[in-house]
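Dear colleague,

Please find the structure below, followed by a summary of what was found in it. I would be grateful if you could read the two side by side.

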Amino acid sequence: MGLVRKDRIRAKLKSGDTTVRILLAHPMHTGRGQNDAGDLIAAEFIQDFRCWRNKEEVLSIECGTATAANPYFSFQLIGGERGDKIAIRWVDNLGAKGTAETTVK
Amino acid sequence: MNTTNQHRRTLLKGAISASTMALVATSGLLLPQRVLAHWSTSAFNAETVEDALLALLGQAEEASTTGLNFKVGSPPSYAVNGASVPIEIQSDLKNIERIAVLVDKNPLPLALSIVPSAAVKLPFKSMIKIAEDSEVTAIIRADGQLYKTTRFVEVDIGGCA
């Protein structure tokens, strides 16, 4: 497929708060879509998403099939400083997992 | 002397392999259960907004409509491609326990269920799929009270394939 599937995460300090932007690499098949041959594509979507700041859990999201492909999330964390570690982890309905980590800039 | 030593070896070996097997078994068996436990299956598989809310929050009524700012689509209330419609949730409410986003006309309405900790500050932005022109509802539960806002979104190309 050529393309590198990679979860992207950016965290930036902005007027005292941390802005976190996350882009996950996931097809998010609902189980109702068809491929070119007209066969149904099996459901494959992220169910559970978690975010940590310095090992403290700050956010958890449950996704349904109505979450867009390559899910994007953006939110702010109160306070924080440069060098804070932001870590994420996702699990999909087939048990596949992904993690990513970044430091606040 | 020699025989006791050998006996000890076999005992040790047995103990080690047994503990490894136990480790493999627990890691392999417990993980899927733990993962499933995090996902509210009944809420996400509900086919109407009311059912999804009842399953997720245990209540679907008595929702206040103020205190919650909700934007769908860009420009608002319109989306060219239903496969990725931007949403933005803003609120000044305190003690938010859960935020849910539901699309009325989707086969399975519940799109997102967000549990923020006290460290999270809104706005929260994400993308969802919308199958056809539909009402999109955002619900916040704060201090046991429901706050609900609904927006109608026009979709050019349906995106729930």
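**Confidence of the model**

In this predicted model, chain B has an average pLDDT of 75, and 70% of its residues score at least 70. For the model, ipTM is 0.80 and pTM is 0.74. Residues 28-37 of chain B call for caution: pLDDT remains under 50 there, and the model gives this stretch four contacts beyond four places in sequence. Where pLDDT is low, the predicted coordinates should not be read in detail.

**Helix α3 of chain B**

Helix α3 of chain B spans residues 49-57, and its buried residues are Val49(B), Ala52(B), Leu53(B) and Leu56(B). Viewed down the axis of α3(B), these residues lie within an arc of 95°, so they line one face of the helix. An α-helix has 3.6 residues a turn, so residues three or four places apart point the same way. The partners against which the buried residues of α3(B) pack are α2 (41-45), β5 (96-103), β6 (110-116) and β8 (134-142) of chain B.

**Contact between the chains**

Between the chains, 31 residues of chain B are in contact with 30 residues of chain A. On the chain B side, α1 (2-37), β6 and β7 (120-128) each contribute at least two residues. By class, that side comprises 21 nonpolar, seven polar and three charged residues. Strand β6(B) also pairs with β4 (residues 56-63) of chain A, in the antiparallel sense and over five bridges. Within β6(B), Ser113(B) stands opposite Glu62(A).

With kind regards

How values were computed:
Residues numbered from 1 in each chain as written. Chains lettered and ligands numbered in written order. Predicted model: local features only at pLDDT ≥ 70, side-chain atom pairs only at ≥ 80, totals over all residues. pLDDT = per-residue confidence, 0-100. Contact = placed C-beta atoms within 7 Å. Buried ≥ 20, exposed ≤ 12 C-beta atoms within 10 Å, placed from the backbone. Helix = DSSP H or I, 4+ residues; strand = E, 2+ residues; numbered from the N terminus. Arc of directions from axis to C-beta. Nonpolar A, V, L, I, M, F, W, Y, C, P; charged D, E, K, R; others polar. Pairing = 2+ DSSP bridges.
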